[in-house]
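Student: I am new to this structure and would like to go through it step by step. Please show it first.

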Amino acid sequence: MDSSMKQTNRCQIRMNSTRQIANLQWIKFANIYSKLLIRFSWSILSIGLLITAGLTACFCLLVEVRQFGQQDFFMPKGLTMTNARRIKMLFGNDTELRMHQQLNLYPGLDIIIKRKVNNNERSDNQTNMLDNRTVEEIKMLDQQLQSILITDTKNNVELNYSSLCTKMNYACIIDGNYVLSEKFRDHMIHLHPPKHGYYMDDSGANGVPGFMFGKNYGYADRAPPASDDSDYVDVEEEAQQHELENSSKIVSPTTERIIAYVPLFRLRYSLSSSTPEIRKLAIDWERKALSYLNGEYKSKLIDVFPSTSTAISDAISKTAHEEGIYITFMFLIFFVLLCIFLSIQGNSYTSVGYLPLCGIISICLSTGATFGLLSVFRIKIIEPMALLIFIVAIIDAMRCSIVCGEYHRIIIEHMDTSPDESPEIDIEKLLPSIITSTHPYFIASTLIISFVYLLFSIFSPMSLTMPICLTLALYIFINYIVHSTFFTSCLVITLKRVSSRRHCLCCCRLPKDNYTKQNRKSKSLNVFRNQIYSLLKIDSMWKKLFASIFCLLLVVFIILSLWFGLSIDTSLFEDKYLPREFYSLRSHMQSQVDDFEMGPVIMFTIPEAIDYNNAYTQEAMRNLLEQCVSETRTNTFKLLWLTNENITYITTGRENLTFRITPFSKNDLIVSEGENFSTIQASRFYCQYKSIKGDREDIRTMNAMYTYAKQSLIPSIFPYSLLFPSYESLGQLRIDICVLILALILCCFIITFIAFISLKNSLLIVAHFLALSAGTLMCLYLFQNLTYNFVAGPWLYLVPILYVDTLIHVCYSRTDSKWKYNRVILSLLISAFVLYLFPIETYAFQIICRSIIYQSIICFVLINFILPSWFYLFQSNNNNNNNNNDDNNDNNSEDQIDTVVSPTMTIVVSNNSLKSGMEINNHIDESNININDPI
């Protein structure tokens with residue numbers, strides 16, 4: 001027992017010795033740095049201002065903005081994109097192929113058409129699209145769309161749809177255009193289900209019922225028509241007397257099953273993107289067509305719900321650009337409130353004056369310098385980088401508030417302990433103390449953020465993380481440099497103004513007894529405040545009980561936050577992403593969920609030549625499709641070229657290859673022709689998703705396809721879908737956010753422990769950082785139904801670092817007033833709540849606003865209630881362990897929570913002799929301090 005105690009004491013002595021060495025190094029740094037600032041304050045300010053202003057000018061002159069889209073989240077070196085490149089090498093350019101053969105979503109106009117309903121009673125008669133007038137209206141709509149013209153400014157010609165469409169056999173590809181054909185109109189009254197799963201007429205018009213009619217079309221059993229002029233009205237009346245799908249009525253042998261009810265029609269006008277110029281013109285046409293359908297087009301018979309390849313991104317970008325002014329206004333309110341809160345502390349003599357305004361200028365200069373440096377190196381800016389400004393502005397505002405708070409604490413301690421009624425200010429003694437109590441923590445947080453995000457930009461496989469994380473690492477580093485030069489020089493100038501007894505605003509000289517008069521006015525308030533503090537400092541069992549409850553609540557909160565945080569799902573698209581004003585687009589997306597079970601196809605590709613005549617090979621291909629359609633997120637669609645093709649004829653036939661392969665399998669087989677024998681070098685076949693939710697079940701289905709392909713007997717086969725890159729990125733996004741928070745926790749612990757040699761403080765920092773980060777995600781999940789998605793993704797990468805500086809500083813300055821933190825938090829909360837007065841519909845802005853509110857509230861509770869409770873319990877434990885020791889042994893207590901020791905500050909009043917000089921020993925002995933400090 002004695003030996004273990006001795007070993008513990010030795011370890012504690014070594015720890016204390018190391019800590020004192022570290023503290024002395026920080027003090028030495030502060031002394032050297034403060035001397036440099038005092039001597040060259042104006043020079044440092046001017047040089048810093050000149051450099052940052054020059055880089056800001058470079059930004060304004062050289063800035064290049066690159067369009068940001070969903071593709072920025074993709075993983076170029078991931079398995080999905082690798083497979084996409086392999087497919088493109090095998091089957092060539094896919095821009096002129098049918099949609100199920102394409103690797104990406106290319107330009108096109110997708111229209112869902114429903115009959116207008118005049119009242120709230122929706123019956124089959126009112127919504128059935130099998131009506132001659134309705135079909136005629138749709139044909140007229142088609143003619144109007146194909147006549148829409150755009151101007152090719154480069155060649156000075158006007159182009160319509162037929163000039164820009166994707167063509168096959170010299171005809172434009174319009175999915176579902178069978179409803180526009182004469183054959184459909186002739187057979188509409190007695191429409192049989194297609195024999196091979198799709199309709200087609202002699203002109204090439206075609207369509208799949210699941211695509212053209214949705215999933216809710218209904219069947220009926222009818223007698224064969226007596227003539228071609230059957231009355232459709234009679235068919236509708238009879239349809240009401242039969243059950244559509246699950247009829248138990250005995251069917252007469254003379255009847256046949258027909259499609260009697262169709263709730264909607266769907267058309268998709270495919271557009272070419274064979275060259276960048278054609279793609280740009282195609283996008284212009286689809287945007288003009290969308291604008292026409294949403295604005296000018298009117299019909300009394302049908303409702304049209306259009307969408308295009310760029311409709312969602314255009315709607316979100318348009319609203320975000322319009323509402324960006326509201327976010328700017330929110331931060332303007334934040335800065336105004338912060339300046340007021342920073343300036344009102346103290347009096348006309350000791351107030352920081354214009355220093356908060358210098359802090360705002362510092363933020364602007366660091367922003368201009370960062371993006372100016374990017375512009376000098378010709379790095380293009382993307383829109384999510386604007387979020388970095390919000391984050392760094394809040395971080396720097398907190399740093400400015402902490403500096404101002406430490407300035408007031410130190411200068412008041414000096415003046416209150418000075419025997420002179422008009423104390424002199426010695427900047428060479430005050431400034432090192434301010435720097436020692438602030439900059440070590442700023443350096444630590446800068447290293448944590450820069451190091452983690454630098455590593456993340458290197459190791460994360462997503463494309464977005466490289467520009468975002470690298471820019472943030474550079475931004476936070478430049479911000480600290482500007483803060484340490486420009487803002488700290490302004491602080492030195494403020495201290496010189498105080499030492500010369502000048503007014504904080506107008507800089508006029510004040511009388512020598514000004515501070516004494518101001519102090520007398522606030523004396524009664526100070527007495528009242530001290531009485532409250534004395535009451536709060538009374539040690540009692542109740543106080544220990546409440547402190548223990550708060551600490552227990554933190555543990556429970558962390559567990560719940562982790563549970564709910566890990567429950568957050570992924571999503572590709574949700575209705576809430578779109579503003580309410582885009583009604584037709586929202587209706588289109590909702591109709592895809594409610595009325596269809598058709599998502600993107602899953603393409604199984606065999607990239608090498610195999611024996612397709614082998615029965616085991618054919619059975620393996622069919623088994624793979626059966627495994628696919630058995631999944632919960634796939635439908636029953638299967639497209640296997642073996643069903644329509646004669647392999648022997650393809651490989652041994654003498655005719656031209658075009659005639660040996662049917663149109664059903666065109667572009668699904670790659671055949672190399674030899675003299676006597678042809679070889680199928682590659683092939684592909686398909687199944688289909690039933691939705692485009694992009695949740696974890698869809699991602700699990702994607703991973704299941706990879707598993708099935710890997711387990712298959714077919715060599716080298718692999719799956720691909722045009723949504724696989726998005727699903728792969730969504731899964732990676734979820735992993736990245738969790739890994740990012742874990743990396744920040746580990747880095748916080750390592751860097752703070754190395755810098756300050758305090759195990760307990762480092763553990764407290766990481767525990768409360770985990771509570772803050774996971775708690776924010778939990779609140780967003782519970783109250784905003786947060787999912788990991790591409791709209792909120794960039795912000796989720798940044799929000800964990802919002803209060804890193806705050807947690808580090810408060811753990812090492814626990815006995816100080818919390819006002820220096822609370823004024824930033826309160827300013828941010830007020831400005832965020834003001835934003836509620838505006839009709840914000842941009843989903844990303846809603847998430848930004850809510851996450852700031854939730855994180856600020858959690859941080860406020862942590863630093864004002866939870867952390868003081870931990871400090872109080874640790875101090876009580878220290879006091880109990882040291883009851884039998886003298887005061888000297890108290891300072892070396894084994895369980896003492898250690899901190900960076902503030903330097904001994906010797907202030908000599910210049911008017912007195914050396915003997916009458918006054919020394920303030922500011923060594924902090926935490927075992928003798930009540931650490932349950934009030935707000």
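Student: Which residues does Phe 685 touch, not counting residues up to four places away in sequence?
Tutor: This is a predicted model. Phe 685 belongs to the largest nonpolar core and is listed with those having the most contacts inside it. With residues up to four places away in sequence left out, Phe 685 touches Ile 602, Met 603, Phe 604, Ile 606, Met 621, Leu 624, Leu 625, Leu 639, Leu 640 and Ile 717.

Student: How many residues does the largest nonpolar core have?
Tutor: Among the residues with the most contacts inside this core are Leu 431, Trp 795 and Ile 801. The number of residues in the core is 194.

Student: Which element gives the largest share of the nonpolar patch on the surface?
Tutor: The patch is formed by Phe 451, Leu 454, Leu 455, Ile 458, Phe 459, Met 466 and Leu 470, with about 680 Å² of accessible area together. Two elements give two or more residues to it: helix H15 (439-459) and helix H16 (465-499). The largest share, 5 residues, comes from H15.

Student: Is Phe 459 buried or exposed?
Tutor: Phe 459 lies in helix H15. Exposed means over 50% relative accessible area. Because its relative accessibility is 63%, Phe 459 counts as exposed.

Student: Why does Ile 757 count as buried?
Tutor: Ile 757 is in the loop between helix H25 (724-756) and helix H26 (759-784). Its phi is near 50°, a positive value in a residue other than glycine. Buried means under 20% relative accessible area. Ile 757 counts as buried because its relative accessibility is 11%.

Student: Where is Arg 378?
Tutor: Arg 378 is not a glycine, yet it has a positive phi of about 60°. Its place is in the loop between helix H12 (355-376) and strand S14 (381-382).

Student: Which residues in H19 are buried?
Tutor: Helix H19 covers residues 541-565 and reaches 36 Å from its first C-alpha to its last, close to the 36 Å expected. The buried residues in H19 are Lys 543, Ala 547, Cys 551, Leu 554, Ile 558, Ser 561 and Gly 565.

Methods
Residues numbered from 1 in each chain as written. Predicted model: local features only at pLDDT ≥ 70, side-chain atom pairs only at ≥ 80, totals over all residues. Heavy atoms only, no water. Helix = DSSP H or I, 4+ residues; strand = E, 2+ residues; numbered from the N terminus. Expected span 1.5 Å × (residues − 1). Buried < 20%, exposed > 50% of the residue type's maximum accessible area, 1.4 Å probe, protein only. Core = buried A, V, L, I, M, F, W, Y, C linked by side-chain atoms within 4.5 Å. Contact = heavy atoms within 4.5 Å. Patch = residues over 30% accessible without salt bridge, like charges linked within 9 Å, V, L, I, M, F, W, Y side chains within 5 Å. Areas by Shrake-Rupley, 256 points an atom, 1.4 Å probe, with all protein chains shown as cover. Salt bridge = Lys/Arg side-chain N within 4 Å of Asp/Glu carboxyl O.
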